[in-house]
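Welcome! Take a moment to look at the model below, and then we will walk through it together.

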Amino acid sequence: MTGANVLLYDHPGSICSQMARLALVEKGVAFERRTVDIMVTAEQFEPWYTALNPKAVVPTLKLGDEIVTDTIRIVHRVDREFDGPALTPSDPGDAARMDRTMKDIMGLHYGVLLYSRRLDANGRSPTVIERGKYLRQQLATYPERAEVLERRIAGNDRLQAILANPAEIGRHVEEARALVGRLDRALDGNGFVCGDRYTLADTFAAPCLARFRLHGFETWWSGGDNANVAAYYGRMKERPSWSIAAVVDSGTERDL
Ligand SMILES: N[C@@H](CCC(=O)N[C@@H](CS)C(=O)NCC(=O)O)C(=O)O
């Protein structure tokens, strides 16, 4: 497969898109990008895109005529499909550990972390409220798309309920902080989160930590705790892939 046949539908600030981009860049794959505006125009719900990605999320990878969705599947596919450094450990036990780490990182509710930083004076997220209205309008206009829209309305309602509950927000933030602790332990004596070589788990850990930094949580590792993560973060930022894949760790949440 040549790079000319590789197209990533993504969004600059989306954490999952950054993971996919890092995997492609670390693997040395030339690829093109098509931005899907998941924030302002909600392009992910347009029929042309849901035909590619029925869950209406980014990223989506097009390999020749084939469409691959779901970030974990995408990065594994990139690793298998192309020449370049192996990003999966050859030892099955280590490979299983890598998969567990990726699921662990993917298991956080990044939407709670993001939107809880952007609440209005009444403690509500205008973006999430608007998204709920938009999704309901879409459902009324396109009843044939009920499956994806109803699922997303339910998810949006759950997010709104969490955001209305400071204790719930705190629980999600604590889960994120606990993940940093687990990464720190995994990095004890190791250069990378799954041993002494860069793996797919690093394509997940780096954007995850970058997102925490963007939200102002860098103190989780810059203040003396989690020193392994602090050193690791510096090393990840120094890799050429960080800027080529455009990992976002500064700016404001509004830029996402
Ligand atoms: N399980 C999916 C999750 C993808 C996902 O949640 N993508 C987010 C961006 S990181 C998205 O497209 N959000 C758009 C939306 O919430 O409408 C995957 O791994 O691909």
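## Where the ligand sits

The ligand takes up the space of the largest pocket. On a 1 Å grid over the protein atoms alone, a pocket is an open set of points with protein on both sides within 12 Å along at least five of seven lines. A molecule sits in a pocket if more than half of its atoms lie within 2 Å of its grid points.

Before going on, please note that this is a predicted model, where local features need pLDDT of at least 70 and side-chain atom pairs count only at pLDDT 80 or more, while totals for chains, interfaces and linings use all residues. Residues are numbered from 1 along each chain as its sequence is written, and side-chain values use heavy atoms, leaving out hydrogens and water.

## Who surrounds the ligand

Which residues are around the ligand? They are S14, I15, C16, Q44, F45, V57, V58, D70, T71, M106, R131 and R152, each with a heavy atom within 4 Å of the ligand. This shell divides into 6 nonpolar, 3 polar and 3 charged residues. Here Ala, Val, Leu, Ile, Met, Phe, Trp, Tyr, Cys and Pro count as nonpolar, Asp, Glu, Lys and Arg as charged, and the others, Gly among them, as polar.

Now look for polar contacts, which are pairs of N or O atoms within 3.5 Å. A polar side-chain atom of R152 is 2.4 Å from a ligand oxygen. The side chain of Q44 places an N or O atom 2.7 Å from an oxygen of the ligand, and V58 has a backbone N or O atom 2.8 Å from a ligand oxygen. The protein buries 72% of the 510 Å² that the ligand exposes when taken alone (accessible areas by the Shrake-Rupley method with a 1.4 Å probe).

## Two backbone details

From V58 to P59 the peptide bond is cis, with omega near 5 degrees. P59 belongs to the loop between helix 2 (47–50) and strand 3 (60–63); helices (H or I, at least four residues) and strands (E, at least two) are DSSP runs, numbered from the N terminus.

D70 is not a glycine, yet its phi is positive, about 80 degrees. You can find D70 in the loop between strand 4 (66–69) and helix 3 (71–81).

Note on methods: Polar contact = N/O pair within 3.5 Å; in protein donor to acceptor, adjacent residues only side chain to side chain. 1 Å grid on protein atoms, 1.4 Å probe; cavity = no way out; pocket = protein on both sides within 12 Å on 5 of 7 lines; lining within 4 Å.
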